[in-house]
Amino acid sequence: MTTDPLPTAPKTGIRVIVVGTGFGGLSAAIECHRQGHTVTVLEKFPVRKELGDIISFGQNASRIFRRWPGVASKIEPLSHRANSLQIKTCDGHHLLTQRWEEENKKWGKRYDGHRGELHGVMLAHAEQDLGIDIRLGHRVVQYYETAEGAAVDVEITNEAGQKDTKRIEGDVVLAADGVRSLGRTLVLGHEDKPLASGYAVYRAWFDGSAIANDPLTSFFYDNPDGDQHICWIGPDVHFIAASLKKGSFSWVCTHKDVADIDESWQLEAPVADARKVLVGWDPVVQRILDLTPEPLIDWKLVYRDPLPTWTSPLRRIALLGDAAHPFLPTSIQGASQAVEDGVTLGVALKKCGSPANVQEAIAAFECLRYERVRAAQKTGETTRDTWHQADMEAIKANPESMRLRREAWVLGHDAEAYAEEHYDATVAVLRRTGLQDLTEARKLNVPDMSDTVRVSNE
Ligand SMILES: Cc1cc2nc3c(=O)[nH]c(=O)nc-3n(C[C@H](O)[C@H](O)[C@H](O)COP(=O)(O)OP(=O)(O)OC[C@H]3O[C@@H](n4cnc5c(N)ncnc54)[C@H](O)[C@@H]3O)c2cc1C
């Protein structure tokens, strides 16, 4: 297994266009650069903003970050430092404390932190340390592919707000353009709108001084071992709160929501809306709400049935990250799987050897990833269904049933080593069955889910 930074890889001559600078797009850009490809990144936002709140990376992603020189040492001080997750019922009854030492020892550290801050570290690494060509204010409005190459049309907005359009050509296009992906339309041949999952998340991130100074909630900051992380479980609702030593406080509350997401899926809401779904809950939860500044983010969870494919008919355009496979937050894997996609694409394009073979690499990427991602998505459904069951007495009688599953096949996975090891066998099947039918080559890469480790309890 590689854990050292790659020595400068020889140039492959493969021109990669990446659409989007989320964690998926940036990982693909960094990993493609690292593997010797020539990368251009296009992002519709004209300026970078520190958007979002808490985001989690499992050990399967943090082991990738540690290969990027200087990145882990910048992320670590920004990260949440809890050594356990406490799980309680909504009335405050302690069910279990799930400790992290054992899994950290086994798989390495993981990182939870503010999305904007962690994203800033990664963007600076791509742009400043590696010199990757990242073009902000470039909105992709059309995707193209031929047997010889791929291209996008971009609408460019300059700092004065004037618009221009331009075509940018490459050997492949990696569409990391999020849940509302335009690239997906080309890959599927029709528009595929994301579906409401039936759930939404109220989210808050704020300065924790008031929490630290209130006698009911000060314990979040008094813990000498690090930060506090607590999950309260109630009928079809769960509420997770975390302190960060830097002084920030974050909470998320997942609840039923049947709103139409067609127009908007990321709204603001008053704290009073969260109170309605948390009536009668633990006084600590009520006090957190009292101390939360207005407004909340009301994040509608979009979901979709698995796409039949993530790659275009001529295998020159690949979807990755949320564009290919949005995750429920209860999987705690959405961003990590986007990072794994980027790593796999970098390796597959290197292994294919030259621009003439990139279609094989794009098909292999889908085959190396598809079954694993589907299985990881299901873990989010399982945890949500477990945590959202209504019978509090049954939960109290069997607290162990609420334990968050931490699975070796998810967290112990090394996407780079896996792609290096399995690329040739996957391509051998593709050469036999053709690039149009990926079924058999996907089956070759079904994860071994018996590899599950339960970590100790308190
Ligand atoms: C602004 C923002 C805030 C978020 N905040 C959180 C959070 O607080 N917590 C959390 O768990 N998850 C958050 N997420 C989602 C999370 O980052 C993703 O689920 C995960 O990291 C997968 O990333 P991704 O790169 O596949 O997609 P995304 O992170 O959605 O990135 C997609 C990128 O593509 C760009 N893009 C889209 N269309 C085009 C186009 N036509 N042309 C050019 N660029 C385009 C978008 O501007 C965006 O930068 C947020 C996402 C975004 C975009």
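## Classes and cavities

Ala, Val, Leu, Ile, Met, Phe, Trp, Tyr, Cys and Pro count as nonpolar, Asp, Glu, Lys and Arg as charged, and the others, Gly among them, as polar. In this predicted model, the second largest cavity has a lining of seven nonpolar, two polar and two charged residues. Its volume is about 60 Å³. Among the residues lining this second largest cavity are Arg304, Trp310, His325, Tyr370, Arg374 and Gln377.

Residues lining the largest cavity include Thr330, Gln333, Thr379, Arg405, Glu407 and Leu411. Two elements, H12 and helix H14 (408–411), each give two or more residues to this lining. Four of the lining residues of the largest cavity are nonpolar, five polar and three charged.

## Nonpolar cores

The largest nonpolar core has 89 residues, and the members touching the most others are Phe57, Phe65, Val152, Leu174 and Leu349. Helix H12 (residues 358–387) supplies the largest share of this core, twelve residues.

Beyond residues up to four places away in sequence, Leu349 touches Ile14, Val16, Cys32, His37, Val172, Val358, Ala361 and Ile362. A second, separate core contains 45 residues, including Tyr202, Ile233, Leu278 and Leu296.

## Gly36

Gly36 sits in the loop between helix H1 (23–34) and strand S2 (38–42). Gly36 has a relative accessible area of 0%, so it is buried.

Gly13 lies 23 residues from Gly36 in sequence, with 7.8 Å between their C-alpha atoms.

Technical notes: Residues are numbered from 1 along each chain as its sequence is written. This is a predicted model: local features need pLDDT of at least 70, side-chain atom pairs count only at pLDDT 80 or more; totals for chains, interfaces and linings use all residues. Side-chain values use heavy atoms; hydrogens and water are left out. A nonpolar core is a set of buried Ala, Val, Leu, Ile, Met, Phe, Trp, Tyr and Cys residues joined through side-chain atoms within 4.5 Å. Buried means under 20% relative accessible area, exposed over 50%, partly exposed in between (1.4 Å probe, protein chains only). Helices (H or I, at least four residues) and strands (E, at least two) are DSSP runs, numbered from the N terminus. Contact means heavy atoms within 4.5 Å. On a 1 Å grid over the protein atoms alone, a cavity is a set of points where a 1.4 Å probe fits but cannot get out, and a pocket is an open set with protein on both sides within 12 Å along at least five of seven lines; lining residues have an atom within 4 Å of a point. Grid points are joined across faces, edges and corners, and a volume is the space filled by probe spheres set on the points.
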